[in-house]
Amino acid sequence: VSHSDPLTNGDEELFRQLVPTWRHEDKITSQLFLPTRKDEGLLSIDRGSKVGPKQAFDDHTALGLQSAGVFAVTVDEVANQAGLTAHDDPLPEKPHHGFIAMDELPTRGAREKKAQLLRDFAVQRGARYEPPSALRPN
Amino acid sequence: VGEGVAVAASFIEARFVGERFAGGKLPLSVVGELEALNKLLFELARERYLSDHPDRKRLPRGFRATTALQISAVANGSAIVTLERPTVDSGASDVTADHFEKASEVLLRAISAAGSELDLPSEFPTWARARCNMIGRSLAPDEHLLLTSTRSRFQARYDRKVRKALVGEANEFEDDFSVVGSVHAFDADALSFGVTSADGPVNGNYVPQLDEDLRTALAAGKPGGRYLDGNAPFHISGTARFKRSSMVTFRAESIERVDFEQGVVSFGEIVKRVVQITALDAGWLHGEGEPVTSEIAERFLTVVAQLAYRGRPSPSVFPTAEGGLRAEWSGDGTEYLWELEASGACYYLQGQAGTSKFVEGSLGSELSAADVAEQLDMRLTGLWDDSVA
């Protein structure tokens, strides 16, 4: 599958919305950065150069979807630490949409390992936006 | 290379002799017999280890991994199967070596003695004789299995006559027995109870001296015995009477509640968490996300209870997009996860932090929850093979 040219601005943040039940106590599952089967190896992100973390949160929840906060990795972490590429992929209803390509990874284990690495970067950075009313369900 | 399972040493040769095995052919039926042989060696080594370390309740890390024999070669002629044992490199002590070697030595001497109609070695327990029922079942009268210790070159011939001699008098015997499960039935007048274990229901009686608190805990068991309904896991141990390999009666002498000894949450909190997760509606994950069925949730908790008993730390628990449940935890620079998929199959992975090393695998949905827990305990070791990139 050919993708658009990889993003190159290493400082650009790439946002993921944390579904509330993917936090247990203080631990966030690495699934936050793992494409589901339906994603076919392309992990959706919101591009930080096009939308801020709060706006990304507001856009997401305005669709009636849940989020306990916005977490981010940078293009540099994706490319130089995880050895992956991130791409622009604007959608009509979501012009700031992009993805991290994991479709070339040969095994599920390889995807899981990358997801753990990206989750660790994101958790270390801390939530880029958390709603003031966010409850932390156990 | 860090600490880890590094090399495999040739441990035992099993030579199948008979027409069926000519040209190195190996019927699939013998694989189950080699597995039974491995299980018996493990149980003998385990008993020996715990007897030598009365202060320990559990096996040390790596014990299971280094007793999981592997077929390394099948040679021509009559089929000769070389079984090798994973060992550890110089970075870690080989906790298994002495006990496993001794276990195989005792087994081979017992087989040899049975074949010569001599007394069996005193170290060979009665329960192990009954287990021999599972080895050599497929051997025809004119076939035999020649077992050779790679280290001592001691040989023992196992055939139908030997099997009969070993198992024969062990038809009925009494032995220690324990089970992990939740109480689904209790009768204080009859001093009886029923436990739902990961392998199925177990019924028994208990001694009247059992502590009042524990009797109260047993009596609190809810019908059906499901963990999802709030039943707690117990480790119940005592004495059982067996006829061949089947348990006939079980008398419980001690009962203790099972919980995590490490980690931040209790088993009860894990149950609450899973109950919350089963309440999720379809679409919980950004409009996608399958709900988790109560069958999957109960199987998950049954595995969790078994792992808690085996000394594993409490995990964090999450639903998966496809209707499964996932346990994650970390320790000593390793990230662990196992996922019970909606099909009942299990995926597992251990990944070394800061490197690209990982080990993954899957376990079929046909396995019992007890077998899944045993396999996870054996495979999620935090030990690393040289071959892992």
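1. Basis. Because the model is predicted, local features need pLDDT of at least 70 and side-chain atom pairs count only at pLDDT 80 or more, while totals for chains, interfaces and linings use all residues. Residues are numbered from 1 along each chain as its sequence is written, chains are lettered from A and ligands numbered from 1 in the order in which they are written, and side-chain values use heavy atoms, with hydrogens and water left out.

2. H1 and H2 of chain B. Helix H1 (residues 29–52) packs on helix H2 (residues 97–115) at about 120 degrees, with the axes 8 Å apart (helices are DSSP runs of H or I with at least four residues, strands are runs of E with at least two, both numbered from the N terminus; axes are lines fitted to C-alpha atoms, for helices over the stretch in contact, and angles run from 0 to 180 degrees between N-to-C directions). That angle makes H1(B) oblique to H2(B) (under 35 degrees is roughly parallel, over 145 roughly antiparallel, 65 to 115 roughly perpendicular and the rest oblique).

3. Residues of that contact. Among those of H1(B) that meet H2(B) (heavy atoms within 4.5 Å) are B:Leu37, B:Leu41 and B:Arg48, and the H2(B) side includes B:Phe100, B:Ala103 and B:Leu107. The residues of this contact divide into 11 nonpolar, three polar and three charged (Ala, Val, Leu, Ile, Met, Phe, Trp, Tyr, Cys and Pro count as nonpolar, Asp, Glu, Lys and Arg as charged, and the others, Gly among them, as polar).

4. H6 and H7 of chain B. The axes of helix H6 (residues 267–278) and helix H7 (residues 294–309) come within 11 Å and cross at roughly 165 degrees, and the two helices are therefore roughly antiparallel. H6(B) contributes B:Phe267, B:Ile270, B:Val271, B:Val274 and B:Thr278 to the contact, and H7(B) contributes B:Ala297, B:Phe300, B:Leu301, B:Val304 and B:Ala305; these divide into nine nonpolar, one polar and no charged.

5. H1 of chain A. In helix H1 (residues 53–62), A:Pro53, A:Ala56, A:Phe57 and A:His60 are buried (under 20% relative accessible area, with a 1.4 Å probe and protein chains only). They lie on the same side of H1(A), because they cover an arc of only 100 degrees around the axis (taken from the directions from the helix axis to the C-beta atoms). Strands S1 (13–17), S4 (42–47) and S5 (70–74) of chain A are included in what covers them, and A:Gly64, which follows H1(A), has a positive phi near 85 degrees.

6. H4 of chain B. The buried residues of helix H4 (residues 160–168) are B:Val162, B:Arg163, B:Leu166 and B:Val167, and their arc of only 115 degrees puts them on the same side of H4(B). They pack against H2, helix H3 (126–131) and strand S5 (155–158) of chain B.

Note on methods:
Buried means under 20% relative accessible area, exposed over 50%, partly exposed in between (1.4 Å probe, protein chains only).
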